[in-house]
Amino acid sequence: MSKRVESKFVMLDRSRCEACWECIAICPQTVLGKIEVFGHRHAVINAGDRCAGCQRCVKVCTTGALVSREGRSAAEVTGVDASRGSGART
Ligand code: SF4
Ligand code: SF4
């Protein structure tokens, strides 16, 4: 679960995503995908291991849902510890 909101280079704040799919269209590595959870459609990081860190998705996202990690942890970027709640730390 937690891996679906981060790659090595970018973080996704699902609550900010407005499902415009611009990031999916521009990602050259097909890292990103779509998901619908309880009626809320948003982007998801499907293949974070393929992310090359080009930052195209960050630049195209106008809502601030996608941000560069720049070496920061999930908690520092979103204020939420993405590893909590899943019950599994990697
Ligand atoms: S560009 Fe931003 S708002 Fe649009 S689908 Fe991607 S994460 Fe969501
Ligand atoms: S940084 Fe580049 S490769 Fe990684 S998800 Fe964004 S657009 Fe795709």
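**Close-up 1. The largest nonpolar core of the predicted model**. This core, a set of buried Ala, Val, Leu, Ile, Met, Phe, Trp, Tyr and Cys residues joined through C-beta atoms within 7 Å, has 16 residues, of which Val10, Leu12, Cys23, Leu32, Cys57 and Leu66 touch the most other members. A residue is buried if 20 or more other C-beta atoms, placed from the backbone, lie within 10 Å of its own, exposed if 12 or fewer, and partly exposed in between. Two or more core residues come from each of strand 1 (10-12) and strand 3, with strand 1 giving the largest share, three residues. Helices (H or I, at least four residues) and strands (E, at least two) are DSSP runs, numbered from the N terminus.

**Close-up 2. Surroundings of Cys57**. Not counting residues up to four places away in sequence, Cys57 is in contact (C-beta atoms, placed from the backbone, within 7 Å) with Val10, Cys23, Ile26, Cys27, Leu32 and Leu66.

**Close-up 3. The shell around ligand 2**. Of 15 surrounding residues (C-beta atom, placed from the backbone, within 6 Å of the ligand), the closest are Cys27, Val31, Cys51, Cys54 and Cys57. Ten are nonpolar, four polar and one charged; Ala, Val, Leu, Ile, Met, Phe, Trp, Tyr, Cys and Pro count as nonpolar, Asp, Glu, Lys and Arg as charged, and the others, Gly among them, as polar.

**Close-up 4. The shell around ligand 1**. Cys17, Cys20, Cys23, Cys61 and Ala65 are the closest of 14 surrounding residues. Helix 1 (22-26) and strand 3 (40-45) each supply at least two residues of this shell.

**Notes.** Residues are numbered from 1 along each chain as its sequence is written, while chains are lettered from A and ligands numbered from 1 in the order in which they are written. In this predicted model, local features need pLDDT of at least 70 and side-chain atom pairs count only at pLDDT 80 or more, whereas totals for chains, interfaces and linings use all residues.

Terms used:
Contact = placed C-beta atoms within 7 Å.
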